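Please open the model in your viewer and display it as a cartoon.

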Amino acid sequence: MESEGGVLLPLFDEHPMMPWNDLRKGDCCGRYESQSDGYYCKNCNFFVHKKCGNDELSQFINNPSHPNHTLQLRHDKGGNICDLCGWKIAKLCYRCQMCDFDLDLHCAKRQPPNVIDNFETHPHKLILLKERTEFDCSAECGKASVGLTYKCDECDVAFHVDCVWHPATDHPTEVNHPYHSLHPLKLLTGPPPDYSDGTCRLCGTESDKELFYHCSSCNFTLDMPCVLNPPQKSLVDPKAHDHQLTLLPRLDSFTCNACGLKGDRSPYACFDCGFMIHQDCLGLPRVININRHDHRVYRTTVLGVVDSVCGVCRKKVDWTYGGFSCKRCPGYVAHSKCATRNDVWNGKELEGVPEEEEGTEPYVVIDENTIQHFSHKEHYLRRIHGNGVLYEENKRCSACIHPIGLQSFYGCVDCDFSLHRKCAECPKRRRHVLHNERLTLVTNKDLEVFSCDACYRRSNGFMYKDGGKELDVSCGLISEPFVHPSHPEHPLYYIPTEEVEICNGCKNSKEDYVLRCIEDDCRFLLCFKCATLPQVVKHRVDDHPLSLCYGEEEEASGKYWCDICEKETDPKEWFYTCKDQRASLHRECVVGDSAGLMPRSIAEIWCKSFEVELNNSVTRPFCRRCKYRCEYPIYLKLLGRTSETYLCSVSCTFWFR
């Protein structure tokens, strides 16, 4: 069924699916098809053959492989195998609940014959027994000895169905392939031979352990996509190279001129100039946007003499090979593979697409001290210079929700609207390392509560947003290189790895996004939550502003205590301290988890309404959840109750869902 966003196939996927051409195995039936047209869901990385998607699947079927009962179409929860062929079930299957019998879509369409004359396996006719029995397979395959079987009436032998018949028989048992003319390739099922490296000679991908073609004389293996749709022997592609390219189907070490990385097999080569390229580099885009840079970057076959590092991985670039570079910023380059990573590029080729020049300036200058900000067009904002001494505690920035504090800010001349100078300069649209599309600054006039996808704090201030990606202003403004006062000697970068590492601020190893130092001898890193902690805050426990301290390097002579919760403080972790450094206060106690909520606003959390209260009175209410007095700067009052119910933090609201 067609929809505006694509094709709807609710049996296979909940999202609209786009028409797609893919040589990989279908996630619908777990098989390869010679026609690779189909439908693809990018959200779920799920590919459906057109043949499977267009077939009208009956809710109930009668199948000769299970003649005693009707089979019902069911979604497989994962881990089941087809009782006929023994393959894993991909998504849907036909099932008999009474007999615990499962049949995948492929076998439901291609039924095994009642009689097989397969003299390569056995000299007599084999009869299909349509009841599950226990037996010893005469093929000595080592598989479980329960299921449907082919049996010989003349001999006492039995075989698994898939040992003598396989849905793979849709494909020929032998093929003469243009890239291996010496011998025919034989269709094999099961694991690759021990002497083989288990990879396809042409594309290098790991061969499907259930279906591939192989020549044992030459140790030559091809996976199904390369058999069904072999790459061209020669081609002319001006986007890849000026001359004709020819495929060299052999194991041979080379360096790809397009990306600068090593290859070990089957490149396309130019015999005129020695140019060599990976097969998957043929489709590299020409013009793209990446989330690490504000301008478009352009692919070039030779970067030219530059002394630069890659703008994505921060490693040295070999300028004698191809890559991406910015025409506006001399020296900005990126490796081809880095620039086209899924977490860097949105997949859109921009060659021939006009570049949109749109204004990102957030305000219009009226005079040297007055602006008109796009979020508050009804009044002018006047700049007020912070003196670094007087802490402005009562005014809150409408963008980041933090107190104005010691910073310079813009205040409305007619109402209570205020913006930190830094927040007022936030561009209306910007790129960010955590998202491939450009983010738009949303002013959130309704004070809707959201959770920042970088630091996971709740806020109802301004947000940078695109689709489902939402970042608060503090995290949204982080860009590379990022310099933090806790590590002033080296800048930090967002470079994802699979290593389990510990944030130097909170000592947490479970953070999804971290900024790291790239120096070889330095393993310093910060999560986004610690990277955006305020450097100076005010708390009722002290008359003076508190400063963020990055832990004591030397062993403490005595114990440190937090004056707010009256518990011990680890001096090696970050804490807040007063002017004379006699206090060591936990970060959580000083800031809390509700600092992103505007006081006197109504916050909708877990489908309940809370009034956000500033904790600045002499008496402090008890938290209904913790049973202690509310110590954090912000607490919440649950609305709609006959008795007053207070909660000290957003975390405590979880218990009132």
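How many bridges join β44 to strand β45 (residues 546–549)? In this predicted model, 2 bridges link β44 and β45, and the two strands run antiparallel. Select V537 to inspect this pairing: its bridge partner in β45 is L546.

Strands of a sheet pair through backbone hydrogen bonds, either parallel or antiparallel.

Now move to strand β39 (residues 463–466) and β40, which pair in the antiparallel sense over 4 bridges. The two form a hairpin with 2 residues between them. Select G467 in the turn, where phi is positive, at about 60°. Then select K465, whose bridge partner in β40 is E470.

Remain on β40 (residues 469–472) and show its side chains. K469 and L471 point one way, while E470 and D472 point the other way. In a regular strand the side chains alternate between the two faces of the sheet. Are these four residues of β40 buried or exposed? K469, E470, L471 and D472 are all buried.

Finally, select R624, R625, K627 and R641, which gather in a patch of positive charge on the surface. Within this group, R641 is found in the loop between β52 (634–638) and β53 (645–647). R641 is classed as partly exposed because its relative accessible area is 40%.

Terms used: Residues are numbered from 1 along each chain as its sequence is written. This is a predicted model: local features need pLDDT of at least 70, side-chain atom pairs count only at pLDDT 80 or more; totals for chains, interfaces and linings use all residues. Side-chain values use heavy atoms; hydrogens and water are left out. Patches are made of residues with over 30% relative accessible area and no salt bridge: like charges are joined within 9 Å, nonpolar side chains (Val, Leu, Ile, Met, Phe, Trp, Tyr) within 5 Å. Accessible areas come from the Shrake-Rupley method with a 1.4 Å probe; for residues, only the protein chains shown count as cover. A salt bridge is a side-chain nitrogen of Lys or Arg within 4 Å of a carboxyl oxygen of Asp or Glu. Lys and Arg count as positive and Asp and Glu as negative; His and the chain ends are not counted. The place of a charge is taken as NZ of Lys, CZ of Arg, CG of Asp or CD of Glu. Buried means under 20% relative accessible area, exposed over 50%, partly exposed in between (1.4 Å probe, protein chains only). Two strands pair if DSSP finds at least two bridges between them.
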